[in-house]
Amino acid sequence: MPTSINKWDVILIDFPYSNGIKTKHRPAAIFAIVINDLGGEDVIVAAITSQSGMRGIEVNQNNPEFALSGLKSDSRILPGKLFTCAKSEITSVIGKIGPNLQQAIKTRLREILSL
């Protein structure tokens, strides 16, 4: 586990499929760090995919914040694909979400969650 994990980090994690049985090692964006019932820290993350057919917030190589993200190819952040896990499950931190993308994620989460 990395020593420093922060909100808006781009991490690598075993992200579960919707069926809850399989997982895929993939990047994800941390948008919240919460204290769990046992006093430990969990993270709430959104999946990131490079599949072009997925709807999400586009992060492409033309975006000035792309290099900061640590992603290797054009990707989409999927605020509708959320997962909560223990910080200890994070494999590595590869980058950070820039301020413009942070705002886009917040806006999309408000829409999805009707906040």
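What share of the 115 residues in the protein chain is buried? In this predicted model, buried residues make up 39% of the chain. Let's start with the overall picture and then visit one residue.

The protein chain holds 2 helices and 6 strands. Read from the N terminus, its elements follow the order β-β-β-β-α-β-β-α. The radius of gyration is 13 Å, close to the 13 Å that the globule rule gives for 115 residues, so the chain is as compact as a globular protein of that length.

Contacts and surface come next. Taking contacts between residues at least 6 apart in sequence, 58% of them join residues at least 24 apart. The accessible surface of the protein chain amounts to about 6,700 Å², and carbon and sulfur atoms account for 50% of that. As for charge, you will find 13 positive and 10 negative side chains, with the centres of the two sets 6 Å apart.

Now zoom in on Ser 75, which lies in strand β5, residues 75-86. Why does Ser 75 count as buried? Its relative accessibility is 4%, and the cut-off for buried is under 20%. The side chain of Ser 75 reaches the backbone oxygen of Ser 73 at 2.8 Å. Setting aside neighbours within four places in sequence, Ser 75 is in contact with Ile 48, Thr 49 and Ser 50, and also with Ile 57, Glu 58 and Val 59.

Notes:
Residues numbered from 1 in each chain as written. Predicted model: local features only at pLDDT ≥ 70, side-chain atom pairs only at ≥ 80, totals over all residues. Heavy atoms only, no water. Helix = DSSP H or I, 4+ residues; strand = E, 2+ residues; numbered from the N terminus. Rg over C-alpha atoms; globule rule 2.2 N^0.38 Å. Buried < 20%, exposed > 50% of the residue type's maximum accessible area, 1.4 Å probe, protein only. Contact = heavy atoms within 4.5 Å. Areas by Shrake-Rupley, 256 points an atom, 1.4 Å probe, with all protein chains shown as cover. Lys, Arg positive; Asp, Glu negative; His and termini not counted. Charge placed at Lys NZ, Arg CZ, Asp CG, Glu CD. Polar contact = N/O pair within 3.5 Å; in protein donor to acceptor, adjacent residues only side chain to side chain.
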